[in-house]
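Trainee: I would like to go through this entry with you. Could we begin with the term we will need for how enclosed a residue is?

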Amino acid sequence: MASVLLRLTHLLTPKTDIVIRIVKYVLYDILQNRMLLGYTLFLLAVSFGLFNLGGDSTKGLVGLLNIVLIVTPLVSIIFSTIHLYNSAEFIELLAAQPVRRSVILWSEFFGLATAMKLAVLVGIGIPVAIFSPDLTGLTLVLVAAGLSVAFVSIAMLASVLTRDKARGIGLALLLWFYFALLYDALVLFLMFAFADYPLEKAMLGVIALNPIDLSRVVVLLQMDISALMGYTGALFREFLGTGTGIVFACIILLAWIFIPVFFAVRFFGKKDL
Amino acid sequence: MKFLITLLFALGAMDLAAASIHAGVGQATGSIREAINMAAAGDTIYIHEGYYQEGNLTIDKPLALIGLNYPVLDGNHQVEILTVTASDVVIFGLEIRNSGQLSTIDLAGIKVLSAQRVVIENCHLRDCNFGIYLSNTQDCRVASNNVQGILKEEQNCGNGIHLWKCERALIEGNYLTGHRDGIYFEFVTDSEIRYNHSEANMRYGLHFMFSHNDHYHHNRFVRNGAGVAVMYSRQVKMTENLFGFNWGSSAYGLLLKDISDSHIWKNRFEQNSAGVYLEGASRIIIEQNRFQENGWALRVQASCDANTIRQNDFVGNTFDVSTNGSLVLNTFDNNYWDRYEGYDLNRDGIGDVPFRPVSLYAVVVERMPFGLLLMRSFMVYLMDKVEKIVPSLTPEQLMDQQPFMKSLNHA
């Protein structure tokens, strides 16, 4: 038994050790970046501004929700793409070492994810903790962190798929545009097209296919706006407002975090550097 | 002179006739029933503090029942406690508990049947099926009572104050909670409801059916299952009430259904799912009200016509106005809309460009309720902006030609 454990740790230790060391390098590199500091300060300023403007903490939260749904994904995806292209040489250098490619990419992901999460937790988390320390506020902060990481993951896929930097950033922007704007327009179009059908349950699936929409609905349900939604609201509240619903939302968001990066790693493994 | 002396004697005799009887714990007459049987018309019965289980008591002659320090009359969930069948009865300061409940008869804490000028004042009613029930009465007054029910299923629960086929009733200063409807009016005319507080009832805080020429004012209706409903009535005045916190998928501040020639003035609608919901409403004037933080401030169905909505404040509502048709038969004038983005060049306090209170998104949601899933989406915001500039789906004629720049009715 002891020997098995020893062999296991022997197997694990060098790898995790390497991951931690690379993550450290990546994090150190990112945290030195002025853009991240600027982003954090921007979030702080906007959050404090919104909370002080309305007087009412719910209004502040609603304003923040818009920032969380539009700005955080955008900054996350663009920052990550640029960072990945800028550290292409570092990645190539590491690839020349006896380190598995998947380890390199996962480390990049964890580094970026940690940095973006940190920015959101400081920039949004602190003001929310001061002005609106309740379940709604907590949901908003968690959703913001989750969304940031999901878009880091999408950025990984986008930048691994394209070799050219300009193209990669273009693709990242396009993806953001799709999730933040186009998707809702398509949903609206679908609703009009299939207005005669009972779409409530289908909508649940459609919403889950976009991390931004899912986050929006989860936070709105916390804000008790569901009462406006009549039957649909009741259905959604029943589903997303309860424990299983929260678990469901978390699983979907986790899927959005891990599936793109998983494919990125697979593709990166075969990619000709 | 002789006439005067006769008159004096007559008055003296009357005075003697109106005796006072003390009943209850520690008194010569121990039971209330005995006291009522003993009493002659016009007598006053003082019921002393204590706990009484005497089943149903019927008052069939003009008496005054006055409780001293709230004596408790308990029906043990078996019977109706007080039944009044005579006119000019006064009931004051009693605590009525636990009326029975039957599916065939509406048992109440205090029921008045076919009588005039009955006064029920300052009583406490606890866990009664119906609280105070007036049937076929004229000129009755129900004032300053505290009526608290225990919430059961809607079908097994009566109303706090229930009036059926009454005229000239006055309902004032009561507190009502935990019943099906706080106050229920059916075929009640020329009556007044004022200064009541109706809270957390299962269905409506106040419910009007087929009741004309009534006036209710200075009431508070909060946190009721579905708000207040006024149906199939005409000439109802609703002034200076608060409709608040009626929040739920089918809750309204005020539900108007098939009602005409009424006046809604200086009320406050705060944090309701729908502030006012109008269906089949005609010739109603809604003026100088404040709509604040409702889901919908006004939902006007296409079946409404000739209504006037003027000088109201619309502040912080998710949707200001929503409608399900494109035909516009109602007028909106001189309201204050917090969403208004126009200008006032000549500084006369009236905006120079009209305001369209129905947003595109409100139209979408009216057609497809699940469209609400897109609420606060950036896309929806863009759509609304475009629609404001070039109206296509929203009813083009529905607009406030002269919106006020500043709020008129401060809370």
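Mentor: A residue is called buried if 20 or more other C-beta atoms lie within 10 Å of its own, exposed if 12 or fewer do, and partly exposed in between. The model is a predicted one.

Trainee: Then how does Ser144(B) count, and where is it found?

Mentor: Ser144(B) has 16 C-beta neighbours inside 10 Å, so it counts as partly exposed. It is found in the loop between β14 (141-143) and β15 (146-148) of chain B.

Trainee: What about the phi of Ser144(B)?

Mentor: Phi of Ser144(B) is near 55°, which is a positive value in a residue other than glycine. Arg117(B) also calls for a look, as its phi is positive at about 55° although it is not a glycine. Arg117(B) lies in the loop between β10 and β11 (119-121) of chain B.

Trainee: Let us step back to the whole chain. How many helices and strands does chain B have?

Mentor: Chain B has four helices and 39 strands. Its C-alpha trace spans about 85 × 55 × 30 Å along the principal axes. Of its 411 residues, 44% count as buried. Among the contacts in chain B with a separation of 6 or more, 46% are between residues 24 or more positions apart.

Trainee: How are the strands arranged in the open sheet?

Mentor: The open sheet is formed by 12 strands of chain B, in the order β4-β7-β10-β13-β16-β19-β22-β25-β28-β31-β34-β37, and the pairing is parallel. The twist from one strand to the next averages 10°.

Trainee: Which strands stand at the edges?

Mentor: Those are β4 (57-59) and β37 (319-323) of chain B. Each has a single partner strand, so one side of each is left without a neighbour in the sheet.

Trainee: Take β13(B), then. How many of its residues are buried?

Mentor: Five of the six residues of strand β13 (residues 130-135) of chain B are buried, so this strand is largely enclosed by the rest of the structure. Strand β10 (residues 108-113) of chain B is joined to β13(B) by five bridges, and the two run parallel. Four bridges join β13(B) to strand β16 (residues 161-167) of chain B, again in parallel.

Trainee: Which residues are bridge partners there?

Mentor: Lys111(B) has Tyr133(B) in β13(B) as its bridge partner. Ile132(B) has Ile161(B) in β16(B).

Trainee: What else is Ile132(B) in contact with?

Mentor: Leaving aside neighbours within four places in sequence, its contacts include Ala108(B), Ile110(B), Ile120(B), Leu125(B), Val142(B) and Val147(B). Ile132(B) is also one of the residues with the most contacts inside the largest nonpolar core, together with Leu140(A) and Leu256(B). That core has 176 residues, and its largest share, 16 residues, comes from helix α6 (residues 135-161) of chain A.

Trainee: Which strands does β2(B) run parallel to?

Mentor: Four bridges join it to strand β1 (residues 20-23) of chain B, where Ile21(B) stands opposite Ile45(B). The chain crosses from β1(B) through helix α2 (residues 32-38) of chain B to β2(B), and this β-α-β crossover is right-handed. Four bridges also join β2(B) to strand β5 (residues 64-67) of chain B, in which Ala64(B) is the bridge partner of Thr44(B).

Trainee: Now chain A. At what angle do α5(A) and α11(A) pack?

Mentor: Helix α5 (residues 101-131) and helix α11 (residues 243-270) of chain A pack at about 145°, with their axes 9 Å apart. The crossing is right-handed. Residues making the contact include Leu105(A), Trp106(A) and Phe109(A) of α5(A) and Val261(A), Val265(A) and Phe268(A) of α11(A).

Key. Residues numbered from 1 in each chain as written. Chains lettered and ligands numbered in written order. Predicted model: local features only at pLDDT ≥ 70, side-chain atom pairs only at ≥ 80, totals over all residues. Pairing = 2+ DSSP bridges. Right-handed = clockwise from strand over helix to strand, strands pointing away. Core = buried A, V, L, I, M, F, W, Y, C linked by C-beta atoms within 7 Å. Contact = placed C-beta atoms within 7 Å. Axes fitted to C-alpha atoms, helices over the stretch in contact; angles between N-to-C directions. Left-handed = near helix turned anticlockwise from the far one by under 90°.
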